[in-house]
Amino acid sequence: MLISDTHANHPCLNFLKQYTEIHEAMICGGCFKNIFKGEHIKDIDIFFPAKLNFDMAVRDMERDNQRYVMKYKNDNVTAFEDKSNHMILELNNRLFGHSNEILKQFDFTITKFAYMKEKVVYDTKFFEHLWMKRLVVDDNMPYPMSTFERMFKYARYGYQPCRETKMRVIEA
């Protein structure tokens with residue numbers, strides 16, 4: 001289940017608003033774990049409601065070479081660096097839709113957080129699992145092997161899967 005909330009309840013996220021102005025962009029995923037814990041942000045994952053929005057965002061960022069420089073591109077993302085703050089912005093080219101649809105594709109509750117122009121949406125257990133450093137897979141695990149490998153990545157950051165998550169991954 002997801003909670004819809006206002007920006008006013010999360011002032012530490014205000015700096016992200018500038019990136020939601022880009023063709024109905026929404027920021028989702030792991031950067032929120034870092035922001036709320038006061039840790040370094042590796043990158044910001046940006047999603048769009050449709051491929052057209054993604055294409056227009058890439059075009060605009062390529063044109064604005066005073067502010068953005070392309071860093072890399074692969075089948076999943078086109079990444080730019082914001083020269084003003086050296087933030088890496090990964091524009092997702094694989095998954096499109098509204099925030100609820102996109103968050104359903106995420107495996108761990110600590111990554112199920114979306115920041116949009118008007119609101120934030122997150123898993124009901126996001127903050128509990130974040131502070132407990134607990135990895136929990138809810139109903140959905142679209143890519144079990146990827147989830148298995150990501151468990152090791154998060155373990156390096158001190159997050160541990162709960163027993164139920166271990167069993168779900170093993171069964172998948």
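This is a predicted model: local features need pLDDT of at least 70, side-chain atom pairs count only at pLDDT 80 or more; totals for chains, interfaces and linings use all residues.

Visitor: How do the residues lining the largest pocket divide into nonpolar, polar and charged?
Guide: There are nine nonpolar, 10 polar and 10 charged residues in that lining. Numbering starts from 1 along each chain as its sequence is written, and side-chain values use heavy atoms, with hydrogens and water left out.

Visitor: What makes a residue part of a pocket lining?
Guide: A lining residue has an atom within 4 Å of a pocket point, and a pocket is an open set of points on a 1 Å grid where a 1.4 Å probe fits, with protein on both sides within 12 Å along at least five of seven lines. The largest pocket has 29 such residues, and Asp45, Glu90, Arg150, Lys153 and Tyr154 lie nearest its centre. Its volume, the space filled by probe spheres set on the points, is about 900 Å³.

Visitor: Which element gives the largest share of the lining of the largest pocket?
Guide: That's α6, with five residues. At least two residues each come from α2 (31–37), β3 (44–48), β6 (87–96) and α6 (144–156).

Visitor: Which residues lie nearest the centre of the second largest pocket?
Guide: Glu24, Ala25, Met26, Met116 and Lys117, out of a lining of 13 residues. The second largest pocket has a volume of about 280 Å³. By class, its lining has four nonpolar, four polar and five charged residues.

Visitor: Why is Glu24 called exposed?
Guide: Exposed means over 50% relative accessible area, buried means under 20%, and partly exposed is in between, judged with a 1.4 Å probe on protein chains only. Glu24 comes out at 57%, so it counts as exposed. Glu24 sits in the loop between α1 (17–20) and β2 (26–28). Its phi is near 60°, a positive value in a residue other than glycine.

Visitor: What is the phi of His86?
Guide: It is near 65°, again positive without being glycine. His86 lies in the loop between β5 (77–82) and β6. With a relative accessible area of 59%, His86 is exposed.

Visitor: What makes Phe36 and Phe127 an edge-to-face pair?
Guide: Rings of Phe, Tyr and Trp (its six-membered ring) pair if their centres lie within 6.5 Å, and planes under 30 degrees apart are stacked, over 60 edge-to-face and the rest tilted. The structure holds 17 aromatic pairs. Phe36 and Phe127 are 5.0 Å apart centre to centre with 75° between the planes, and that gives edge-to-face. Phe36 is in helix α2 and Phe127 in helix α5 (residues 126–132), so the pair ties together parts 91 residues apart in sequence. Phe36 is buried at 16%, whereas Phe127 is partly exposed at 25%.

Visitor: How is the pair of Tyr122 and Phe126 classed?
Guide: Tilted, with 6.4 Å centre to centre and 55° between the planes. Tyr122, at 8%, is buried, and Phe126, at 0%, is buried as well. Tyr122 and Phe126 belong to one aromatic cluster with Phe32, Phe36, Phe113 and Phe127.

Visitor: How do you know that Lys133 lies over the face of Tyr159?
Guide: The rule asks for NZ of Lys or CZ of Arg within 6 Å of the ring centre and within 35 degrees of the ring normal. Lys133 lies over the face of Tyr159 at 5.2 Å from the ring centre.

Visitor: What does the side chain of Asn34 contact?
Guide: One of its polar atoms lies 3.5 Å from the backbone oxygen of His40. A polar contact is a pair of N or O atoms within 3.5 Å; within protein, one must be able to donate a hydrogen and the other to accept it, and residues adjacent in sequence count only if both atoms are side-chain atoms. Asn34 lies in helix α2 and, at 11%, counts as buried.

Visitor: Is Leu89 buried or exposed?
Guide: Buried, at 0% relative accessibility. Leu89 lies in strand β6.

Technical notes. Helices (H or I, at least four residues) and strands (E, at least two) are DSSP runs, numbered from the N terminus. Ala, Val, Leu, Ile, Met, Phe, Trp, Tyr, Cys and Pro count as nonpolar, Asp, Glu, Lys and Arg as charged, and the others, Gly among them, as polar.
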